[in-house]
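Please keep the display in view while I talk.

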Amino acid sequence: MGRFHQHQDGTQHEHEHEHHGANHEDHHDDQVGAGGHQDQVGAGDHGDMSGYQTGPERVVVLERIFGENDRLAAANRSTFDEAGVTAINMMSSPGAGKTAILRQTLAFLTDTTRVAIIEGDIETSLDAERLAGFGAQIALLNTARGFGGECHLDAPMVRSALARLPLAGVDLLLIENVGNLVCPAEFDVGEHARAMIYSVTEGEEKPLKYPVMFRSADLVLINKIDLLPHLDYDLDLFRANLRKVNPRAITLDVSARTGAGVDAWCDWLRSNLPG
């Protein structure tokens, strides 16, 4: 029996596992820029638990989980700040192009910026291997190894990876979250800003169907624009749908295949570095 979860905006879903750390939409962070503040909804609001006989007990357990995640997210952020590192949480659905964008980013940045990556996947080192050879320090996080196979990264997981990264020699930490359009957006991992990679092949309606992730993003990279001539796709409609759920999000058109727009994305990253 999964844990039924209802967000404040009415979005509902059931998890087939218990989360080990949480910063859910009813507890999500509204981040502004790389040094942004964190406006968080109270941890006691966990949706309607009336369907569970153990509803009150579940609320207590969830509050403890949420509290632990927030404590470690704050600790992660303090660690980044003390080291002078800007951390960016990169989120998307599976196949939207996070790793391909990262390859282009490393090729563009590593001559001028010291970059490290936390690579999150449920299983395998395939994406981490694709990012090797670009000069970035990489720490692989498989959530199936000691973290219950979660569909997201949370603050304790990210904390566990930091010991494997030389933060004193890093300017920018890119956290490639597990590919999923729901859960990663609910967890504060200590990042300074959130970037979402969205592919035009996913359809214009996705901001309306999955508002939690789109609402939490500071920047949305609209990827695979090289495919637009071959698709029945309305880019203006997508932008309008995004504005309905997140009018403050910056958008950039990119192509991980051709490299178009990667310079603007890297300019945004550099603009969020300290100093």
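This is a predicted model: local features need pLDDT of at least 70, side-chain atom pairs count only at pLDDT 80 or more; totals for chains, interfaces and linings use all residues.

**Helices and loops of the chain**

In helix α8, the buried residues are V262, W265, C266, W268 and L269, where buried means under 20% relative accessible area, exposed means over 50% and partly exposed lies in between, with a 1.4 Å probe and protein chains only. They cover an arc of only 155 degrees around the axis, which puts them on the same side of α8; the arc is that of the directions from the helix axis to the C-beta atoms.

Residues are numbered from 1 along each chain as its sequence is written, and side-chain values use heavy atoms, with hydrogens and water left out.

The secondary structure of the chain comes to eight helices and 11 strands, these being DSSP runs numbered from the N terminus, with helices (H or I) of at least four residues and strands (E) of at least two. Of the 275 residues in the chain, 53% are buried.

What do the buried residues of α8 pack against? Their partners are β5 (86-92), α2, β8, β9, β10 and β11 (250-253), with contact meaning heavy atoms within 4.5 Å.

Let me take α2 from that list. The axes of α2 (residues 98-109) and α8 (residues 262-271) come within 10 Å and cross at roughly 70 degrees; axes here are lines fitted to C-alpha atoms, for helices over the stretch in contact, and angles run from 0 to 180 degrees between N-to-C directions. The two helices, α2 and α8, are therefore roughly perpendicular to each other, the word used for angles of 65 to 115 degrees, whereas under 35 counts as roughly parallel, over 145 as roughly antiparallel and the rest as oblique. On the α2 side the contact is made by I101, Q104, T105, F108 and L109, and on the α8 side by V262, D263, W265, C266, L269 and R270.

Helix α4 (residues 155-162) also has a buried set, namely A155, M157, V158, A161 and L162. Seen down the axis of α4, these residues fall within an arc of 160 degrees, so they line one face of the helix. An α-helix has 3.6 residues a turn, so residues three or four places apart point the same way.

Now to the loops. N177 sits in the loop between β8 (172-176) and β9 (193-199), and at 0% relative accessibility N177 counts as buried. Leaving aside neighbours within four places in sequence, N177 is in contact with N89, M90, M91, K98, G120, H152, L153 and P184.

Which residues other than glycine have a positive phi? One is T124, with phi near 75 degrees, in the loop between β6 (115-121) and α3 (126-130); at 36% relative accessibility, T124 is partly exposed. Another is K224, with phi near 70 degrees, in the loop between β10 and α7; K224 is partly exposed too, with a relative accessible area of 23%.

I225 also lies in the loop between β10 (219-223) and α7 (235-245). The C-alpha atoms of I225 and D253 are separated by 6.7 Å, although these residues are 28 apart along the chain. Not counting residues up to four places away in sequence, I225 touches D253, V254 and S255.
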